[in-house]
Amino acid sequence: MGSSMDQSSDGDTDMSESEMDEYEAQSYEELKNGNHSVKISDETFTCPYCPKKRKRDYLYKDLLQHASGVGKSSSKKRSAKEKANHLALVKYLEKDLADVGSPSKQKGDTDPLSGCNQNEKLVWPWTGIVVNIPTAMAQDGRCVGASGSKFRDELISRGFNPIRVHPLWNYRGHSGTAVVEFHKDWPGLHNALSFEKAYEADHHGKKAWFVSSGEKFGVYCWVARADDYKADNIIGEHLRKTGDLKTISEIMEEEARKQDKLISNLNNIIETKNKHLKEMEQKCSETSISLNKLMEEKDRLLHAYNEEIKKIQMSAREHFQKIFNEHEKLKLQLESQKQELEMRGSELEMREAKNEIDRRQLSEEIEKNAIRNSSLQLASLEQEKADENVLKLAEDQKRQKEELHNRIIQLEKKLDAKQALELEIERLRGSYNVMKHMGDDGDAEVLKRMELIIENLREKEIEFEELETLNQALIVKERKSNDELQEARKELINGLKEVSTRAHIGVKRMGELDSKPFLEVMKKKYTEDEAEVRASELCSLWVEYLKDPDWHPFKVVMVDGEHREVINNEDEKLKDLRDEMGDEVYKAVTDALMEINEYNPSGRYIISELWNYKEGQKATLKEGVSFLMKQWQIAKRKRLL
C-alpha cells in the first residue's frame, strides 16, 4: 500500500486545468516524436508511463481502455501529471495508431463446419484440453502454477478467442492440466479446431503427447472428444461435470428443430395478425363506402338545390320583366290619349262660339270626354293598383326566395348533423367491435362496481386525512427520538473506541478488508518478506476495488418472500479471485462487500458501528450502555484498591 501511495504522489496535485492541458499536449508531442516506445509488435503494446506494473504487454483495445481509465480517474491517488500523460497516450492511440490497432478480419468468417466429421462426438460446449503446464513446489508441499488468465490472453492474441482457461486442481495443488472454454456457437467450434490444428502443426497435439516418449517440453493442446470425456482422470471428471457428448449432426438437428418451432410460432402469430388486419380493413372499407355514399348524396342535393335556385331566379326575373314591359306600354298609351284629348278640348273651346250646334256637339263631346276622362282616371287608378301589385309581387318573390334559402340551409344543417351522427355511430360501432375483439365485456357491471368503489373511496379519503394528520405527528416525534438515539449511539461509539477489542462489546469498522488471508496465501508462494509486500499490494488493490462505485457485484434474489441483494458469484473479478487466491481471501472480500453495501453503499467508505462480538451482530444501545457502566465500575474498583 505504501508503494502505490508514493507513486501517485510524485506529480503536482495542485496543477490547474490549463497547465494540465499544456502538459498533455507536450506528452503527446513526445509520443509522436518517438521519445517513448508504445508498440512492441503488430499485436502487442505497452504503457510507457507504468514501468512498475507487472503486466506491461497489452492488446490495442486493452491499452486504450487502461489509458482512458487512468486519465479520467477521479481518485485523489492519481497525480495530475499521471492523468495528463495517460490522456496524451489515449490521443496518440486514437489518432496515430488507430489503423495499426484495428482488428483484422477474424478467422471465424470462414465456414466453421468445413473439413469436420459431423458424426464424431465432441464435448459440448466446445472445450480444449491443455496438459504439461509447468508447475513448481511451494513451501507447504503443494504444487503451484501460472493463472489461467495469462494463458487465455495468449490464446486471444493468437486469434482463438476462448472464454476462459480453467486450471484443474487436486489435493496436491495444481495438476499441470487445464481446460479451455470456447463459445457454444459455430465460430466457437472453428476457434477450437483452429486451436487444435495450430498445436498439431507445432507437434504439440494429442497424438504427439500420447505417442512420443521421453521428456516433453511446452504445453500440449487438443479438442476434447469422447475418449477424453470418458477418461478416468481429473480431466474426464471435469468434462463430465461441465459438458455433454454430442455430434455436430445432433447439434445441427437440434438447432433445426428449434428454428422450425420458432418459424411455426411466428407463422401462427402472423396468420392471426393478418386475420385481424383483414377484419379491420373490411370494416374500414365499409366505413369508407358509407362515407362516399353520404358525400355523393350531399353533392347531389347541393347540385339540385343550385339548379332549382337558378330556375326560380330566372323565372322571377322573366315574369318581373314582362310585367314591367306591359306597365310601360300602358303608361305610354295613356299619355298619348291624354295629349290627344287635351288637343281636342282646346279645339272645341275655339269652336264654341260658332254655333249652338257646335256648342251642343261640344257639350256632348265634353261629356264624352268627361266620361273618357273618368275612364282614364279609373284606368290610371287601376294602373297604380297594378304597379302596387307588381311591387308586392316582387317583395313576395324576394320573401319566398329568402324562405327557400333558409329552408335549404336548414336542410344542409340537418344533413350535416345526420352525417355526423352516422359517423359517430360508425366510430362507436368500430370501438365496440375493437373492445369486443380485445375481450372488454361486462361494462355495465364494471360501471356499477366503479360507483361502489368511488363511494367507498370517498369514505376512506376522510379516514385517510385523519390518519395522515396523526401519522405526521408521529413521524415528527419518531424523527426527533431517532435523532436523539443516533447522537447517543455516536457518543457511545466514541466512548468504546478506547476499550480493548477483546471485549465482547466494542466498535467494528464496517467494510474494512482483512489482510490476514492475503498474507497467508502469499506466504505459500513467496518468502516471508516478499509475501508481506505482495500481500500489501494486493490488499490495497482490492481496497480500491471496494471503493469503486461503478463496481457492483450483486444480484437481487427472493429470500423468505422479500427481495434481497446477495453476492453475484458469476462476477469476473470475484471468480478470478477465488480461482487464483482461494476461498479464504474470497470470503474476506465478499464479507467486506456485504458490510459496505449494507452500511454505506453510496459513499463506499468505512464507518464505525457498535458491535456485539460475542453474538456476531450489531449491538443495541442498551447493551453498549450496560457494558460501558460495567467497565466504569471495574475501573472505579481498581482505583479504590
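Predicted model: local features only at pLDDT ≥ 70, side-chain atom pairs only at ≥ 80, totals over all residues.
## Helix H2

Helix H2 covers residues 17-32, and its 16 residues should span 22 Å at 1.5 Å a residue. The C-alpha atoms at its ends are 23 Å apart, which agrees with that expectation.

Met20, Glu24, Ser27, Tyr28 and Leu31 are the buried residues of H2. Viewed down the helix axis, they fall within an arc of 105 degrees, so they line one face of H2. These buried residues pack against helix H4 (80-96). On the other side of H2, Ser18 and Glu22 are exposed.

## Aromatic pairs

The count of aromatic pairs comes to 10. In one of them, Phe160 and Phe195 have ring centres 6.0 Å apart and planes at 80 degrees, so the pair is edge-to-face. Phe160 lies in the loop between helix H6 (148-157) and strand E7 (164-170), whereas Phe195 belongs to helix H7 (residues 186-201); the pair therefore ties together parts that are 35 residues apart in sequence.

Phe160 has 3% relative accessibility and so counts as buried, the cut-off being under 20%. Phe195 is also buried, with a relative accessible area of 0%. Phe160 and Phe195 form one aromatic cluster with Phe182 and Tyr199.

## Charges over rings

The charged end of Lys508 sits over the ring of Trp611, at 4.5 Å from the ring centre. Arg534 lies over the face of Tyr526, 4.4 Å from the centre of that ring.

Conventions
Residues numbered from 1 in each chain as written. Heavy atoms only, no water. Helix = DSSP H or I, 4+ residues; strand = E, 2+ residues; numbered from the N terminus. Expected span 1.5 Å × (residues − 1). Buried < 20%, exposed > 50% of the residue type's maximum accessible area, 1.4 Å probe, protein only. Arc of directions from axis to C-beta. Contact = heavy atoms within 4.5 Å. Phe/Tyr/Trp six-rings, centres within 6.5 Å; stacked < 30°, edge-to-face > 60°. Lys NZ or Arg CZ within 6 Å of the ring centre and 35° of its normal.
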